[in-house]
Every structure is written in C-alpha cells, then in structure tokens.
Amino acid sequence: MIGFRKFASQEWAGLAAIFVLGSALAAFLSPSFLTEYNIYVMLRSASVELLVAFSQMIVLAIGQMNLAVGALGGLVAVLFGAMLQLLGLPLPLAILIALLIGIVGGFINGLLTTRTGINGFIITLATGSAFTGINLGLTESRPFHGIPVEFVALGDSRWSFVPALLWPPLIVAPLLAIFLYRTKSGRKLLAVGGNMRAAELSGISANAMIIVAHAISGGLAGLAAVLAVSQLGAAQPEIGSTWLLISFAGPIIGGTALAGGYVSILGAMLAVLVIALIENMLVLMKVDPYWVRFALGGLVLVTVGVNRWRAHQMGRN
Amino acid sequence: MRLSIVNVSKTFPSVKALDDVSMEFAPGEVHALMGENGAGKSTLLKIVTGLYRPDAGLLKLDGELVEFFSPRDALAAGIGAVHQERNLVPRFSVGENILLEHPPGRRGFIDYGAIYDRARVLLELLDPGIDVRAEVATLSVAQMQIVEIAKALSLNARVLLLDEPTASITDHEAEALFKVIARLKAEGVAIVFVSHKLDEVLTISDRVTVLRDGRVMASGEAIAEMSRRRLVSLMIGREERIADVAGGAKQGKVALELREIATSYGHSGINLRLHEAEILGLYGLVGAGRSELARSIIGDGRITGGAICVGDRPARIRNPNEALRRHRIGYVSEDRKGEGLVLSHSIVSNIAVTIWRRIATRLWLIPPVVERNAVTPQVQRLAIKSFSLDQTVDTLSGGNQQKVSLAKWLAAKTDILLIDEPTVGIDIKTKVELHELIAQIARDGAAVLLISSDMAEMITLADRILVMHNFAVVGEFVNDRIYENGSEAIMSAIHAAEKDRKHLHDRAAIA
C-alpha cells in the first residue's frame with residue numbers, strides 16, 4: 001500500500017494510468033490496435049517526438065523557452081541531406097557533423113540570450129526565423145533524396161513492435177537523467193532554473209548554465225532531425241515545422257515546471273506516448289486529421305489545468 | 001577575521017543611501033546593526049557581500065584591502081550571509097540546498113550520501129527535526145530560515161551576516177539560533193546581526209552600530225553602556241526642518257471605524273476611529289503591523305474578527321476594487337516601485353488608472369484628451385517635475401514618483417486615504433512639499449490614516465496618534481505638535497508595551 005501511495009504521488013503516475021486505460025480502450029474499440037504493426041507505427045512516430053520534447057525540456061529547466069527547436073531541426077535535416085547527397089560524406093561523419101551543427105545553433109541561442117540579456121523567448125523566435133530562412137534559401141524548398149539506402153532501411157526496421165528509431169531516445173533519456181540528477185553541472189543547471197538569484201549567490205554562473213542548456217537543446221533537436229530524415233527517407237525542408245506544439249506539450253503535460261527548476265523525464269516520455277496513443281486512436285477511428293490537432297490542444301489545456309489544481313491542493317496541505 | 005568598513009559612501013539616483021560610513025566587526029563578537037527602514041542597512045550589507053560596489057571608501061579584512069566584484073568574491077573571502085529574502089532552490093532537497101556552493105562528489109558527479117551526511121551534521125546543531133532529504137518546497141518558512149543558516153554555516157564563514165534571522169521563526173527556534181551564534185562567537189567568528197527586535201539585540205550582542213538616513217549615529221558602542229531608551233532615540237532621531245502645517249482642522253463625522261478587529265496577519269482587538277478632515281497617525285517600529293492593518297482594511301488581507309464601519313454603515317470589504325468603488329477608500333503603498341506604480345508607463349496612465357472607469361465613454365474607449373485633462377490638475381497641484389505627461393515614470397526622481405503614486409488617489413477623489421510611509425527615501429525638500437500636500441488633503445475634508453516610522457513627520461502632520469506595537473494598539477493621544485511631548489508619549493507607550501511583554505514572557509518562562 002505504501003508502494004502504491006508513493007507511486008500515486010508521482011507526477012507521471014496519472015499519465016501512466018491514462019496510457020494503460022487508453023490502450024485498453026483502444027484495443028476494445030479497434031481490433032487493429034493491438035497488432036504488432038500498429039504499435040510499431042505508433043512508437044516510430046513517437047521516436048522523433050521524444051527527442052523534440054527533451055530538446056524543449058532542457059530549456060524549460062532553466063526557466064526559458066526555445067521557439068527555434070523546429071527551425072533548427074529543419075536546418076540540420078537539410079544540411080545533413082546536403083552532406084550526404086552533394087558532398088558524399090560517409091554516413092557516420094555526416095551524422096556527427098549534423099549533431100555538431102545542432103549544438104552550435106543552440107550555443108548561438110544561448111550566447112545571444114546571455115550577452116544581450118534579452119529573454120530567450122524573443123531570441124529564439126528571431127533565430128528560429130533565421131534558421132528557417134537559411135533552410136529555404138539553400139534548398140528553395142526542394143528535399144534532398146540522396147540518402148543512403150541502408151539509412152532509410154534502418155528507419156523502417158523493427159524488432160517485433162520496437163522500431164530501431166526508438167533506441168536513440170531510449171538511450172538519451174537515462175543520459176539526461178544522470179546529467180540532471182547526478183552531475184554537478186546538471187544540478188547547477190536546475191538550480192539556476194529553480195532560483196537564479198540563489199544560484200548566483202552560491203557562486204554558480206547562471207550565464208554558463210543558460211548556454212549549456214541551449215547547446216544541449218540544439219544537439220537534441222539535431223538528433224531528432226537526423227532521425228526524421230531516416231524515418232521519411234528524404235531530407236525534407238519541412239522537417240521541424242510541426243514540432244512546436246509537441247515540444248511544449250510533452251514536457252508540460254509530463255510535469256516539467258514552466259517556471260524552471262524541475263523536469264520530469266519519465267513524465268515527458270509518457271506524455272509523448274499518450275499523445276501518440278490519442279493520435280493513433282483517432283486515426284484508427286477514421287477521425288478527420290484536423291480534429292486530431294484540436295484534441296491535442298484540448299489535452300494540453302486539460303492537463304495543465306489538472307496540474308495547477310494539484311499544486312494548489314498540495315499547497316493547502 | 002576583522003572586517004573594517006572605511007568611509008564608505010553609496011548614492012542612488014534619488015537618494016544618498018550611505019554617507020561616509022565607517023565601522024568595524026571584530027572576531028568573536030556579535031555586532032548588532034540597527035536602523036529604521038531606509039537607514040542604509042541593506043545597502044551596507046549588499047556592499048559587504050559584493051552585490052554593490054561602493055562609490056567611495058574601502059573594505060579591509062584583517063587590515064588588508066579587499067575588493068569584491070561579485071558575491072563569489074565575498075564568499076571566497078570568508079564572508080557568509082543569510083539574506084532577508086529566501087535564497088533556496090524550492091525543488092531541491094534540504095541537503096543539496098545547504099551544500100549548493102560546493103557539493104561533495106568526484107569527477108563532476110554528485111555524491112548524495114555525502115551531501116546528506118554533511119547536511120545532517122550541520123542541521124544537528126540547529127534543528128535535528130528537519131529531514132535532509134525533504135524537498136525545500138515542503139518546509140515551513142521557519143524551517144527554510146534554518147536551512148539558510150545551515151547553508152551559511154557550511155561555508156565556514158569567518159564573518160557571518162544575519163539579516164533579520166528571527167523575523168519569521170518561533171521563539172523556540174530563535175533560542176536554538178542564539179546558542180549557535182554563541183558557539184560561533186566562541187570559535188572566533190565575527191557576527192553581524194541585523195534585527196529590529198530590541199530585546200534580542202540587547203540580549204545577544206556585544207556591540208551596536210546605529211544607522212540613520214545613511215549616516216552612522218553610533219559606531220560599535222558597547223551594548224553594556226547602551227540603554228534601550230537611547231537606542232530607540234538614536235534610531236528614530238529627529239528631522240532638522242519641519243513643514244509649516246497649521247493643525248486643528250475642523251473634525252467631521254466618523255468616516256471609518258474599526259471595532260475589535262482581528263486579522264489573518266495576527267492583529268487582535270484593534271479599535272480605531274478616523275474622522276473626516278482628520279489626519280490620524282499610526283506610529284510604530286518596523287514590524288508593528290501597521291501596513292498589514294491598512295492592507296486588511298482595503299481587503300488585501302483577511303479580517304477574521306470584529307467589525308468595520310465606513311461612514312455609519314457596517315462594511316465588508318473583500319478586495320481593493322470594492323474598497324475603491326464602493327467605499328471610496330484608497331491605499332498609497334509604501335512600496336511605490338513594487339506596488340504603487342507601473343514604472344514603464346507614462347505619468348498620465350499611472351495617475352488615470354483609478355479613474356479610467358469613470359472617464360470611459362459608452363464604447364469603453366478612453367479619449368486621450370479627456371484622460372489628459374483629468375490628470376493635469378493633479379500634476380499641477382503636486383508640482384510633479386517632468387518634461388511631458390507622457391514621460392515614463394521610471395525616469396522620474398524618487399520624490400516625483402511618490403507624488404505620482406499619491407496623485408492617482410487624489411484623482412480618484414477618495415473619501416478615505418490610507419497613506420503608508422509617504423516619504424521614505426525622499427529628499428528633504430520634496431518631503432516638506434508632500435507634508436503640506438497631505439495636510440491640504442485633510443483640510444479639504446478627506447479622512448487620512450498616515451502610517452510612518454518617521455517621528456518628526458508624524459508629529460508634524462497627525463492630529464491624533466495611535467501607537468502600534470506587536471500587532472496591537474498600545475497607546476493613543478492627541479498630538480499637540482510639540483516634538484518633545486509627542487516623542488515622549490510615543491516612546492513611553494512602546495516601552496510600556498515592551499515591558500509588559502517581557503514581563504509576560506518571563507512569567508511564561510517561569511511557569
């Protein structure tokens with residue numbers, strides 16, 4: 001019983017329950033839900049979204065927002081495609097450079113934020129537009145198709161219902177957890193988000209931590225872009241253009257504090273899975289895809305409302 | 001370690017916060033730093049902890065010149081501080097907060113076991129009841145205070161600054177803290193203790209320095225030779241120049257009456273009558289509960305007992321909006337930058353905010369010309385100095401900002417005005433202007449409740465004075481506007497209340 005109460009007190013417990021109940025409901029409503037292939041499709045679409053959610057989460061951790069996650073992802077995707085198709089670089093090298101481009105893009109965001117003292121929201125709004133501009137200027141909205149066949153095949157491969165693309169986020173998640181909860185740098189980063197003044201009075205350089213958070217965010221956006229290219233089989237300029245909502249919905253539904261200082265990695269993962277589940281259910285039930293977006297928006301509002309109510313209740317006790 | 005402050009001055013755009021201040025904190029001594037709000041204590045602490053740089057003067061540690069460019073420099077030099085505002089990371093554990101400066105661990109990884117062990121040792125001395133693994137957000141305010149003290153102790157500071165460490169903790173917890181202070185003192189730490197509680201200061205300190213208006217009134221005098229009475233007079237002092245305010249306006253009907261009021265802030269049994277055309281002074285030392293009473297009256301704090309009457313009708317005021325619209329009561333906050341003004345907005349919109357509702361047309365539009373015309377007479381009456389009415393308020397001097405925050409209530413033409421510390425941090429000339437203005441407001445028929453810690457101001461302006469202490473009214477007298485009589489009456493009321501309280505406290509201790 002104590003074990004159950006401890007479980008129920010976790011922010012992600014509700015999401016886990018929703019995921020289990022939702023799956024049961026979906027299986028009941030549609031016989032095609034519990035097929036190996038359907039679950040694989042669902043998890044494959046969640047793979048990129050998990051990394052996108054992590055990318056936003058790390059910036060939320062310092063109490064800022066990154067509006068450039070999608071734009072940076074798009075830019076990395078087309079540059080990755082160009083490296084493969086135009087320059088003929090070997091795949092591992094191209095992936096490495098793509099991740100570096102992501103990190104550098106995030107680093108620029110962090111540097112501009114700390115140097116100018118302007119809120120990261122505005123800085124990333126501007127750099128996001130700039131990244132998209134470079135993307136479209138270089139590609140003239142044409143995708144690069146010259147992606148090595150084995151890399152595209154990797155995007156389609158699976159073991160039973162587990163897509164190969166799920167591995168990168170599954171490896172990143174514990175690394176992030178170790179970084180944020182076990183290393184000094186990670187703790188400093190969260191301390192800056194939790195109480196910037198206290199952190200500074202304790203001798204922590206807030207600026208350094210803000211730059212680190214943005215750089216990690218950029219690297220994760222880059223990794224998400226590489227996965228997206230593998231999944232789609234082409235480096236399309238539109239990659240990233242739909243990431244904005246999921247990037248916030250994942251962490252926030254998962255219990256990450258908007259004000260900074262607290263993240264729930266497991267919560268963000270479950271939230272992304274719940275969203276993928278809802279999308280999947282609506283598709284199976286042949287609901288118009290436009291309404292899927294409506295449902296997603298409603299879900300964000302409801303969960304944020306519930307979290308606020310919970311915080312209020314806890315404050316009373 | 002001996003910390004010397006030598007001829008330090010610091011000026012802010014509107015006020016000289018510190019004026020050629022010198023003092024010395026010796027190892028193995030508890031040194032109390034006292035003064036009313038705006039005396040310059042906070043500025044001094046900020047200079048010593050590296051948050052501000054002095055305009056002139058210098059700091060010495062054991063005779064050697066030191067310069068702090070950031071809080072880190074001060075920490076590295078062995079100066080630890082427990083600030084008034086909470087400096088904890090809410091979602092971190094108690095242990096991690098205590099050791100935030102230098103968490104134990106290897107190769108960049110944190111060793112939580114070591115954190116909890118070391119934090120437990122530090123907390124053992126203060127309050128073993130606090131779980132080092134608990135999240136700080138779940139603690140009470142008093143417990144958070146203890147955690148902050150533990151945090152300062154963890155640094156092995158040789159100079160420890162405590163800014164009102166007992167403001168929010170219980171007597172029991174304070175006792176434990178004083179034991180720790182005694183132990184640190186025996187170990188040769190120089191302790192600087194800022195407090196408004198006279199009892200505490202007289203009990204635990206060895207020396208006292210009193211600041212007033214940025215100047216040193218008494219520097220490091222031995223506490224044994226300092227009487228309570230002298231300490232109070234040094235803190236309160238008197239002003240050189242006094243506005244020429246003819247008293248004795250014709251008092252009208254009762255405008256506001258409180259009967260046996262109790263509040264969620266902790267007031268109890270408050271009785272008060274405020275008449276039309278009267279200035280009723282509410283005097284008390286910092287922490288007496290005056291602002292909190294004013295806030296409760298306008299509904300920004302809960303009334304838990306008693307009755308309020310506005311005019312001759314009982315009133316239940318649930319929020320400041322009701323206070324203004326229905327009962328015509330305005331509150332001029334003591335915190336003009338935080339609560340009184342929208343600094344980035346123009347003079348016009350800052351003043352007109354209280355009357356937008358009245359001047360709005362049927363389509364809810366506010367014609368700029370109407371707004372301007374409504375505001376202009378107030379600006380002229382108060383002689384607010386500005387290039388244009390559209391100038392943003394943050395570009396004005398402190399005195400002119402205060403005039404704007406008063407002007408908005410004049411524009412609202414409220415019947416009852418609660419004015420809280422109207423002249424803190426304001427130059428003498430503007431102060432006199434504001435005094436004359438407040439007198440004029442009352443002469444025009446408004447009922448004014450004036451809260452002030454400035455005794456000269458109180459005696460200049462008030463028709464009657466209520467003395468508050470520890471959230472209760474402890475004295476009331478008609479002010480004859482003779483300084484000696486007024487200050488005598490106020491001080492004896494406070495002393496009597498202190499004596500009563502001490503007496504009660506001793507009796508409780510015996511029982």
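Helix 8 of chain A and helix 11 of chain A are roughly antiparallel to each other (angles over 145 degrees count as such). This is a predicted model, in which local features need pLDDT of at least 70, side-chain atom pairs count only at pLDDT 80 or more, and totals for chains, interfaces and linings use all residues. Residues are numbered from 1 along each chain as written, chains are lettered from A in the order written, and side-chain values use heavy atoms, without hydrogens and water.

**Helix packing in chain A**

- Helix 8 (residues 167-182) of chain A packs against helix 11 (residues 206-232) of chain A at about 170 degrees, with the axes 12 Å apart.
- Axes here are lines fitted to C-alpha atoms over the stretch in contact, with angles from 0 to 180 degrees between N-to-C directions; helices are DSSP runs (H or I) of at least four residues, and strands are E runs of at least two, numbered from the N terminus.
- In contact (heavy atoms within 4.5 Å) are P168(A), P169(A), V172(A), L176(A) and F179(A) of helix 8 of chain A with V212(A), I216(A), L220(A), L223(A) and L227(A) of helix 11 of chain A.
- This contact of helix 8 with helix 11 of chain A has 10 nonpolar, no polar and no charged residues (Ala, Val, Leu, Ile, Met, Phe, Trp, Tyr, Cys and Pro are nonpolar; Asp, Glu, Lys and Arg are charged; the others, Gly among them, are polar).
- Helix 9 (residues 184-194) of chain A packs on helix 11 of chain A at about 105 degrees, the axes being 9 Å apart.
- Helix 9 of chain A is therefore roughly perpendicular to helix 11 of chain A (65 to 115 degrees).
- S185(A), K188(A), L189(A) and V192(A) of helix 9 meet A206(A), M209(A), V212(A) and A213(A) of helix 11, a contact with 6 nonpolar, 1 polar and 1 charged residues.

**Interface of chains A and B**

- 24 residues of chain B contact 21 residues of chain A.
- About 1,900 Å² is buried between the two chains, 56% of it from carbon and sulfur atoms (accessible area, 1.4 Å probe, lost on being put together and summed over both parts).
- Between the chains there is 1 salt bridge (a side-chain nitrogen of Lys or Arg within 4 Å of a carboxyl oxygen of Asp or Glu).
- R187(A) forms a salt bridge with E96(B), with 2.4 Å between the closest N and O atoms.

**Chain B**

- E24(B) and R2(B) form a salt bridge at 2.9 Å, N to O.
- E24(B) lies in strand 2 (residues 15-25) and R2(B) in the segment before strand 1 (3-12), so the pair ties together parts 22 residues apart in sequence.

Conventions. Angles under 35 degrees count as roughly parallel, over 145 as roughly antiparallel, 65 to 115 as roughly perpendicular and the rest as oblique.
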